[in-house]
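Hi everyone, thanks for making time. I'd like to walk you through one model and some of the contacts in it.

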Amino acid sequence: MARPVYGNVRLTPSQGFSVMERAPSTSLHSARDDERAKTTTEILKKIRALEIKTRGLVEAAFAGDYHSVFKGRGMNFEDVREYQPGDEIRSIDWNVTARMGTAFVKKFTEERELTVMLVVDVSASGNFGSTTQSKRELAAEVACLLAFSAIRNNDKVGLILFTDRVELFIPPKKGRSHTLRLIREILFFQPQGRGTEPALALDYLNKIVTRRAVVFFISDFQAPDFSRALAVSGRRHDFVAIQIHDEREKVLPNIGIITLEDAETGEQVEINTADRRTRALFTGVVDGHEAELSRTLRRNNIDAITLQTGKDYLPSLRSFFKQRGRRLGVR
């Protein structure tokens, strides 16, 4: 899964600069404090709006889908009851049977509590968006929906943010305040790296999360080959790949000569989008990358969801969970 040459592109407008007149230091400090307060208020407002929207979706339509297709780690002993014809011989509690003089079997209930890990790509390519929504904003919203579904299901949720390094790890916990912290980090964390190295994040996940977990890996998958680490993670965890893309990363508009810049390397290239062959070549490279990614995921039995910025993601998520439920025989 080599990183495609078309990846992470954006139109680069000229930069504008403003000049601030010199003012007394007290005024500067006041202005900075006001700006910080304004920024904090805006951050809290955005997180709150995202919480309200996704919590409503969870309550109305999604939590049942989530609950039905993810299984707990095992079975918990609950009680014993008298043996009935058809019961498994292996479930007989021989101590109780000997004490009571008649056969008793053990009753078990499924251990529903799960560990859910959100592994989210925060590389520079995620800042791209040709609509009012960037890929990173869509990733945050989907992660928020999954986190609130997990919390409603009494599961623990953890977070790994990565670029070309592991940027942040938050251990799995429960609770609304913990979930809101995860969402704040996904939305506003300032990474040190700009590139994308999923293999490093997956190796870290496999070392730090030793018990089987449900892993939602959210990325645009514009990255070097990481199939080895993916194969290991796919065997150890219940792994779901969520690919976030933007329409302009697949289809070039016919708008003449433009400059494209790779958000992760800064490399620029000038192309003529009015040339039909150029647009066809661009689409061909994208399709080839998508096909290779799909083959890699299928080969490792990885479930996948593809979402696009500016489009309603809920139908795709619900369709995925319903298909998964049918495949697992969930009723």
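I'll talk about salt bridges, then a cavity, then the surface.

A quick word on ground rules: this is a predicted model, where local features need pLDDT of at least 70 and side-chain atom pairs count only at pLDDT 80 or more, while totals for chains, interfaces and linings use all residues. Residues are numbered from 1 along each chain as its sequence is written, and side-chain values use heavy atoms, leaving out hydrogens and water.

Let's start with charge. Side chains of opposite charge can pair when their charged atoms come close. I call it a salt bridge when a side-chain nitrogen of Lys or Arg is within 4 Å of a carboxyl oxygen of Asp or Glu, and the count here comes to nine.

Take arginine 324 and aspartate 303, whose side chains meet in a salt bridge at 2.7 Å, N to O. The arginine lies in helix 8 (residues 314-328) and the aspartate in strand 11 (residues 303-308), so the pair ties together parts that are 21 residues apart in sequence. Helices (H or I, at least four residues) and strands (E, at least two) are DSSP runs, numbered from the N terminus.

Are these two partners buried or exposed? Buried means under 20% relative accessible area, exposed over 50%, and partly exposed in between, with a 1.4 Å probe and protein chains only. Arginine 324 is buried at 5%, and aspartate 303 is buried too, at 14%.

Now look at arginine 228, which forms a salt bridge with aspartate 203, the closest N and O atoms being 3.3 Å apart. Arginine 228 sits in helix 6 (residues 227-236) and aspartate 203 in helix 5 (residues 198-208), so this pair ties together parts 25 residues apart in sequence. Here arginine 228 is exposed, at 54%, and aspartate 203 is partly exposed, at 24%.

There is also a network of salt bridges linking Lys135, Asp220 and Glu249. Keep Lys135 and Asp220 in mind: both are among the residues lining the largest cavity. A cavity is a set of points on a 1 Å grid over the protein atoms alone where a 1.4 Å probe fits but cannot get out, and lining residues have an atom within 4 Å of a point. Helix 3 gives the most to that lining, with three residues.

Finally, the surface. Arginine 90, in the loop between strand 2 and helix 2, is exposed, with a relative accessible area of 73%. Tyrosine 83 is found in that loop as well, and counts as partly exposed at 31%.

How values were computed
On a 1 Å grid over the protein atoms alone, a cavity is a set of points where a 1.4 Å probe fits but cannot get out, and a pocket is an open set with protein on both sides within 12 Å along at least five of seven lines; lining residues have an atom within 4 Å of a point.
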